Amino acid sequence: ADIPVIPDLEEVQEEDLAMQVAAPPSVQVNRVLTYHDLDKDLMKYAAFQTLDGEVDLKLLTKVLAPEHELREEDVSWNWDHLFTEVSSELVTEWDLGQSEREE
């Protein structure tokens, strides 16, 4: 009864749970508000006009920049180009510092 038994390959394959994949969790995705929606809400609800019922935010809401002024064009970065640009700026600054010290 104490003699170990080597299991058959078929039995091991049936018991192998490592190859089973768990079902993905279900997550409820909330809608992300756009700048336009936030602007509407800011002007529509008086609750956004004050902070903690004490600080008046009306002046701030009047001078906030509109969305079209905040949008920036997407610029793709090339690592080699960026590295070269930063390196050359650092070398230029270092050369200027050296020439100022010599004078």
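I take partly exposed to be the range between buried, under 20% relative accessible area, and exposed, over 50%. I looked up L38 with this in hand: its relative accessible area is 42%, and L38 is therefore partly exposed. I keep in mind throughout that this is a predicted model.

I noted five helices and two strands in the protein chain, and reading from the N terminus I get the order α-α-β-β-α-α-α. Of its 103 residues, 5% count as buried, while the chain exposes about 10800 Å², of which carbon and sulfur atoms supply 57%.

I checked the length of α5, residues 79–102, and its 24 residues at 1.5 Å each should span 34 Å, which agrees with the 34 Å between its end C-alpha atoms. The number of buried residues in α5 is zero, so I record this helix as lying largely in the open. At the start of α5, I found a side-chain oxygen of N78 within 3.0 Å of the backbone nitrogen of D80.

I read an average pLDDT of 78 for the protein chain, with 78% of the residues scoring at least 70. Confidence is highest in α5, at a mean of 90, and lowest in helix α1, residues 9–15, at 64.

Definitions and conventions: Residues numbered from 1 in each chain as written. Predicted model: local features only at pLDDT ≥ 70, side-chain atom pairs only at ≥ 80, totals over all residues. Heavy atoms only, no water. Buried < 20%, exposed > 50% of the residue type's maximum accessible area, 1.4 Å probe, protein only. Helix = DSSP H or I, 4+ residues; strand = E, 2+ residues; numbered from the N terminus. Areas by Shrake-Rupley, 256 points an atom, 1.4 Å probe, with all protein chains shown as cover. Expected span 1.5 Å × (residues − 1). Polar contact = N/O pair within 3.5 Å; in protein donor to acceptor, adjacent residues only side chain to side chain. pLDDT = per-residue confidence, 0-100.
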